[in-house]
Every structure is written in structure tokens, then in C-alpha cells.
Amino acid sequence: MDKPRRPLFAVTLARGALRQTPPRQQVLEVFASHPERLPVAEVHARLRDPRINLASVYRAIHRFCSLGILVTAGHVPAGQTYELSDDYRAHHHHLICERCGTVTDIEECRLKPVERRIRRQTGFHVRRHDLRFYGVCPTCAAR
Ligand SMILES: [Zn+2]
Ligand SMILES: [Zn+2]
Ligand SMILES: [Zn+2]
């Protein structure tokens, strides 16, 4: 399985462009200590400082998404979820249940040869991919 490529805090602190405001710092801490995808409200609930408001958490998350540190990880009933990108955690894909919204990680990935073929055929250098399977989870299927 692919290993994350970079230590989280070293890189983000090294980026001069990213001022480490308390919301940003704490949002990053939540994701660093919590490997599962999280909706925004859940990130907010886990912050050390409860005075940080939800809007600041949204802003911090969107900023981290634009920097490639966080990625979206599927819609659940609680809203869009986010998690660390492949640069900071092991590569995996998502199984998303269209009935209950449960998202399950699946670590199997056989797309490396496809990436190599894309590069050979088109010259495009694939750096990462994001794959989601939509369907019905075993719990919902049994109902
Ligand atoms: Zn389900
Ligand atoms: Zn995930
Ligand atoms: Zn993959």
C-alpha cells in the first residue's frame, strides 16, 4: 500500500503562504489525530478551543482543500466529509451507500498500470486519483 509522502505539520508550516491562525492549526490537529473522514460540524466539535466559530472552520477547510492538504470524501447525511489527501495518509478509495450515506474505505488499488498507460498514451503525468463506488451497503441490502 502507498505510504503518505509527507509529514503533515512540517509541510504546512513550511508553506510561507499559509499563516498558522488558531482555526487552521486546530483544524489540522483534528485531521492529524483522526484518520477517518469528517463532516465540518464534527471537526468543529473536536477543536480544542470551543470559541472558534463554524464559519472559521469552513474557511480553514476550504483553504486546506485548495492547497491539496484535504480532499472531499463523499456526502453523508451530516453533509460533505473531508479527510487528509493521499500526500498525508495511505491511499484508499471509498464505497458510498446511496441509501444511508455510509462511507467505507477500501484499500485495494489496481490503478497504477492505468496511470502509467495514461502517461504513455497522452503524456499526462498523473499525480493522484480519487475513486468512489456508489451503491448499496450490506446493512441496507438486508433490509
Ligand atoms: Zn447503507
Ligand atoms: Zn477515506
Ligand atoms: Zn487508487
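Cys109 is partly exposed, with a relative accessible area of 25%; here buried means under 20% relative accessible area, exposed over 50%, and partly exposed in between, using a 1.4 Å probe and protein chains only. This is a predicted model, in which local features need pLDDT of at least 70, side-chain atom pairs count only at pLDDT 80 or more, and totals for chains, interfaces and linings use all residues. Residues are numbered from 1 along each chain as its sequence is written, chains are lettered from A and ligands numbered from 1 in the order in which they are written, and side-chain values use heavy atoms, with hydrogens and water left out.

What does Cys109 do in the model? Together with His91 (NE2), His93 (NE2) and His129 (NE2), Cys109 (SG) coordinates the zinc ion (ligand 3) at 1.9 to 2.2 Å. Donors are N, O and S atoms within 2.8 Å of the metal (3.2 Å for Na, K and Ca), and since water is not among the atoms, sites may look incomplete. The angles among the 4 donor atoms run from 101 to 122°, and the site is tetrahedral. Four donors count as tetrahedral if all angles lie between 85 and 135 degrees; four count as square planar and six as octahedral if opposite donors are over 155 degrees apart and all others between 65 and 115; anything else is irregular. Along the chain, the donors of this ion are spaced H-x1-H-x15-C-x19-H. His93 sits in strand β4 (residues 93-97) and Cys109 in the loop between β5 (103-106) and α5 (112-122), so the pair ties together parts that are 16 residues apart in sequence. Helices (H or I, at least four residues) and strands (E, at least two) are DSSP runs, numbered from the N terminus. His93 counts as buried, at 3% relative accessibility.

Let's turn to the zinc ion (ligand 1). Its protein donors are Cys97 (SG), Cys100 (SG), Cys137 (SG) and Cys140 (SG), lying 2.3 Å from it. These 4 donor atoms subtend angles of 105 to 114°, which makes the arrangement tetrahedral. Cys100 belongs to the loop between β4 and β5 and Cys137 to the loop between β6 (132-135) and α6 (138-141), so the pair ties together parts that are 37 residues apart in sequence. Cys100 is partly exposed at 28% relative accessible area, whereas Cys137 is buried at 14%.

Three strands form an open sheet in the order β1-β3-β2, with antiparallel pairing; two strands pair if DSSP finds at least two bridges between them. β1 (38-39) and β2 (70-76) stand at the edges, each with a single partner strand, so one side of each is left without a neighbour in the sheet. Leu38 has Tyr82 of β3 as its bridge partner.

Finally, the largest nonpolar core has 18 residues, of which Val27, Phe31, Val43, Val57, Ile61 and Phe64 touch the most other members. Such a core is a set of buried Ala, Val, Leu, Ile, Met, Phe, Trp, Tyr and Cys residues joined through side-chain atoms within 4.5 Å. At least two core residues come from each of α2 (22-33), α3 (40-45), α4 (54-66) and β3 (79-84).
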